[in-house]
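Welcome! Take a moment to look over the sequence and the model below, and then we can walk through them together.

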Amino acid sequence: MKILFLNYEYPPLGGGAANATACILEEWAHEPGLEAHLVTSSTGSEHETICVGGQVYVHRLPIGKNEGNLHHQSIKDLLLYSVKSWWYARKLIREQSVPFDVTLAFFGVPCGFIALLLRLEFGLPFVVALRGSDVPGYSQKYAWLYPLLRPMIGFIWKRAKAVVPNSVGLAELARQSAPDQAFTIIENGVDIKRFFPAQHRTDEFIITPGASRVTERKGLNYLIEAVALLAPKYPTLRLKVMGDGSARPALEALVKERGLEGKVVFLGRIPREETTPYYQEASLFVLPSLNEGMSNAMLEALATGLPIVATPTGGTAELVIEGQNGMVVPERSVPALAQAIEFFLSDLEQVKAYGAESRRRAEAQGWDRVAKSFKTLLENSIKKVS
């Protein structure tokens with residue numbers, strides 16, 4: 001099987017969808033008889049093609065990204081990627097001695113639209129994987145744009161061989177825009193060999209929100225306010241924030257305003273392959289997000305054996321079981337967050353017990369399962385055509 005893969009995000013550019021793409025390709029590199037070509041964005045000014053193993057290739061197209069704007073894709077970025085990737089994909093298809101069998105598009109817009117254009121021109125069937133912001137209603141930032149895009153999104157979904165949300169919650173949100181659409185859920189995975197519990201933790205009680213973008217959607221302002229409530233009573237409490245993004249300046253100002261310098265540390269962007277120790281030193285994972293598809297950071301925390309405190313966004317229902325490996329708190333509730341954090345602060349035995357259950361649950365969420373699920377779905381999509 002020969003797969004054309006479209007995603008404008010690929011590490012170090014982007015967040016969870018970029019990580020998912022990289023992990024799936026790493027698994028596919030070991031699959032005999034499978035060839036895959038990802039068309040994505042470059043973080044420099046040059047086009048480059050690299051082989052990541054086996055018959056798996058990554059084609060990076062320059063769209064004006066650099067180290068200073070990795071975590072936010074503007075409308076201009078997406079439009080530029082759309083034009084360049086469509087043109088490059090057409091060239092790539094024409095140059096192949098062995099034709100592509102199917103396209104996998106991460107994000108219904110813009111990549112699903114590009115896949116639809118390629119289907120119309122070359123007859124190439126396509127599958128759309130929904131990642132979050134491409135689903136109407138997911139992101140407040142795009143609230144003005146969703147009414148304009150909704151007809152196009154529905155048109156793309158109907159013509160795809162399959163539409164794949166990464167959680168039950170995201171499927172439910174997508175169904176609000178297309179009640180009659182069939183969805184096939186394939187949950188995100190985690191590398192349980194790279195993320196694993198540490199032998200020893202520090203004497204500090206460190207909270208991590210995981211490695212992700214620092215944006216308003218993550219709700220980290222509520223977490224900082226909760227830390228402010230608890231810090232006077234618990235001097236060992238620390239919050240360490242990995243990542244960078246548009247919300248960081250406001251969050252740093254909030255830390256200063258609450259007198260939490262030294263209690264809250266912004267680590268900046270940590271390379272994907274270097275994040276494990278920051279999970280391992282932590283005692284608790286807290287993600288008060290306002291919306292998620294299925295959080296890769298939460299999965300990484302599970303694999304590292306951390307208890308979870310999270311809001312009821314996409315993926316939480318599948319990954320967090322109350323009273324077993326974590327607690328679910330209402331969105332935007334500082335008191336509820338503080339209460340949940342204090343539950344673990346005041347009883348370190350619960351940290352161990354909940355963390356052990358997190359690891360057990362993570363062991364059923366490997367990326368090998370995700371990659372195989374997508375491979376099977378793509379194979380079935382090809383059979384439907386023939």
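This is a predicted model: local features need pLDDT of at least 70, side-chain atom pairs count only at pLDDT 80 or more; totals for chains, interfaces and linings use all residues.

The protein chain is built from 13 helices and 13 strands. Its radius of gyration is 21 Å, close to the 21 Å that the globule rule gives for 386 residues, so the chain is as compact as a globular protein of that length.

**The chain as a whole**

- Along the principal axes, the C-alpha atoms fill a box of roughly 65 × 40 × 40 Å.
- Of the 386 residues in the chain, 57% are buried.

**Surface and charge**

- The chain exposes about 16000 Å², and carbon and sulfur atoms supply 54% of that area.
- There are 41 positive and 40 negative side chains, and the centres of these two sets lie 5 Å apart.

**A look at lysine 218**

- You can find lysine 218 in the loop between strand E8 (205-208) and helix H6 (220-230).
- Is lysine 218 buried or exposed? Its relative accessible area is 7%, and because buried means under 20%, lysine 218 counts as buried.
- The side chain of lysine 218 makes a polar contact with the side chain of glutamate 292, at 2.8 Å.
- Leaving aside neighbours within four places in sequence, lysine 218 is in contact with Ser212, Arg213, Leu287, Pro288, Ser289 and Glu292.

Terms used:
Residues are numbered from 1 along each chain as its sequence is written. Side-chain values use heavy atoms; hydrogens and water are left out. Helices (H or I, at least four residues) and strands (E, at least two) are DSSP runs, numbered from the N terminus. Buried means under 20% relative accessible area, exposed over 50%, partly exposed in between (1.4 Å probe, protein chains only). A polar contact is a pair of N or O atoms within 3.5 Å; within protein, one must be able to donate a hydrogen and the other to accept it, and residues adjacent in sequence count only if both atoms are side-chain atoms. Contact means heavy atoms within 4.5 Å. The radius of gyration is taken over C-alpha atoms; the globule rule is 2.2 Å times the number of residues to the power 0.38. Accessible areas come from the Shrake-Rupley method with a 1.4 Å probe; for residues, only the protein chains shown count as cover. Lys and Arg count as positive and Asp and Glu as negative; His and the chain ends are not counted. The place of a charge is taken as NZ of Lys, CZ of Arg, CG of Asp or CD of Glu.
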